[in-house]
Amino acid sequence: MGPSDGFSESTKFKNVWTTHSKSPIAYERGRIYFDNYRCCVSSVASEPRKLYEMPKCPKSEKIEDALLWECPVGDILSSPLDYKSSLIALTAHNWLLRISATTGKILEKIYLASYCKFRYLSWDTPQEVITIKSAQNKCSVLARQAGIQQTVLLYLAVFRVLPFSLVGIVEINKRIFGNITDATLSHGILIVMYSSGLVRLYSFQAITEQFMQQKLDLGCACRWGGTAGTVGEAPFGIPCNIKITDSPPLLFEVSSLENAFQIGGHPWHYIITPNKKKQKGVFHICALKDNSLAKNGIQEMDCCSLESDWIYFHPDASGRIIHVGPNQIKILKLSEIENNSSQHQISEDFVILANRENKKENLITVTASGRVVKKSFTLLDDDPEQETFKIVDYEDELDLLSVVAVTQIDAEGKAHLDFHCNEYGTLLKSIPLVESWDVTYSHEVYFDRDLVLHIEQKPNRVFSCYVYQMVCDPGEEEGEEEEIPNINC
């Protein structure tokens, strides 16, 4: 099916239900999660249908972060249950859970550790390897007064999924890396950041091979530091078995404003902002192999706005780059320079423009002598009364770009979600959102086949969820959206 096949003239999206919550609302592949992932609701019906509700638990045991795992097509797995989607969840008391995405039943559980507080879940390799990051260790006032320094900044636990198998837990120590501010793991690369803007990259596999003290297997007996227990079971947990004792081989380093650094493209390139405050909004696209700047590799959006533009490698694996400003979206392509295959150039593939007029306002003042003076000035590019781009996303199954644009009308913000052809940028469909859009709130918008979902966070931790579904009957009345303030979760 082509990207425009589902967008006939008669196709409409109707707000079929709305709900509100005092706890964060999350969405993953047709499932809406409430109450810290305790309650799961299917979003694919015209009314919310509860899939499951897990037993209530104390705040100290709530789920803090989660990832959805889906079985890859063609993989041979050991258990029939493994062929169904699972929610991989991290609890506040350091348990890693694998939960059935359809029933809420806990299929696997691993106790991580008591020596740190694990807080964040992310994919190192999507659907294959997860990284669990601890909160940063802070040195207490009393410890500082006593001259005690906290050298371990944080811990990273790495697991292969389904079945869970431990790669290891590594400590990130300031004695080795210096005065670092953060560290993370992505695609097998340990990324370490400094307050100066410096970013350093290391091979995690090389670190594992060089500094792993002992290989640990989940469920096996272990002696460590004078204590004995079973790996992954309480209270023993998982010891930190990767301790870096010397500087590991450096793969790459670069300095960038606010540590902003991205890698992508074909061949590999990276995007940085020169490490000076006046360079904010200026992006350099350079070859990873030799740090050479691509031809036309300095990209700067010609706009005057309060909010910064943003840039990133296109998630469609085309090697292109998306550069978003308040009134235009540039899709840039990376290509070889003719007769010079060693150097690459940046050029525009296509541009999506906001629907607006170039307005100039006149400011009229009267001098003491009574003379009328007119001064002309141009509105900011992100002036709320002009259509402004707020969200740009990529829908892989239909190969579409989804764009949220917002315009302030009187005291109310009105938004619409537009779908553009990913190859040429052609506008295929525009969906008005019926709810008001306050630009000061946090927003997430998802498009999933025949469903649009808008999650909004208001002040005082009030969360709202608006669900739209595709309807193909041109005669169907729009009506008012169905208000469902509580779905008993």
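Mentor: One term before we start: two strands count as paired if DSSP finds at least two bridges between them. Also keep in mind that this is a predicted model.

Trainee: Fine. How many bridges join strand E16 to E20, then?

Mentor: There are 5 bridges between E16, which covers residues 198-203, and E20, and the two strands run antiparallel. As one example, leucine 198 has serine 255 in E20 as its bridge partner.

Trainee: What holds paired strands together in general?

Mentor: Backbone hydrogen bonds, in either a parallel or an antiparallel arrangement.

Trainee: Which sheet do E16 and E20 belong to, and what is its order?

Mentor: They are part of an open sheet of 4 strands, ordered E14-E15-E16-E20, with antiparallel pairing.

Trainee: Which strands does helix H3 lie across?

Mentor: Helix H3, residues 204-211, lies across E14, strand E15 (189-194) and E16, and runs at about 60° to E16.

Trainee: Where is proline 249 placed?

Mentor: Proline 249 is in the loop between strand E19 (242-243) and E20. Leaving out residues up to four places away in sequence, proline 249 touches Tyr202 and Gln210. Proline 249 and tyrosine 202 are 47 residues apart in sequence, and their C-alpha atoms are 6.6 Å apart.

Trainee: Changing topic: what is the volume of the largest pocket?

Mentor: About 950 Å³. Its lining has 23 residues, and those nearest the centre are Glu28, Arg29, Asp393, Tyr394 and Asp396.

Trainee: Which elements give two or more residues to that lining?

Mentor: Five strands do, namely E2 (26-28), E6 (63-69), E31 (388-395), E32 (400-409) and E35 (442-448).

Trainee: And the whole chain? How many helices and strands?

Mentor: The protein chain has 3 helices and 37 strands. Of its 489 residues, 47% are buried. The accessible surface is about 25200 Å², with 49% of that belonging to carbon and sulfur atoms.

Trainee: What share of the contacts comes from residues 24 or more positions apart?

Mentor: Among contacts in the protein chain with a separation of 6 or more, 48% are between residues 24 or more positions apart.

Terms used:
Residues numbered from 1 in each chain as written. Predicted model: local features only at pLDDT ≥ 70, side-chain atom pairs only at ≥ 80, totals over all residues. Heavy atoms only, no water. Buried < 20%, exposed > 50% of the residue type's maximum accessible area, 1.4 Å probe, protein only. Contact = heavy atoms within 4.5 Å. Areas by Shrake-Rupley, 256 points an atom, 1.4 Å probe, with all protein chains shown as cover. Axes fitted to C-alpha atoms, helices over the stretch in contact; angles between N-to-C directions. 1 Å grid on protein atoms, 1.4 Å probe; cavity = no way out; pocket = protein on both sides within 12 Å on 5 of 7 lines; lining within 4 Å. Points joined across faces, edges and corners; volume = space filled by probe spheres on them.
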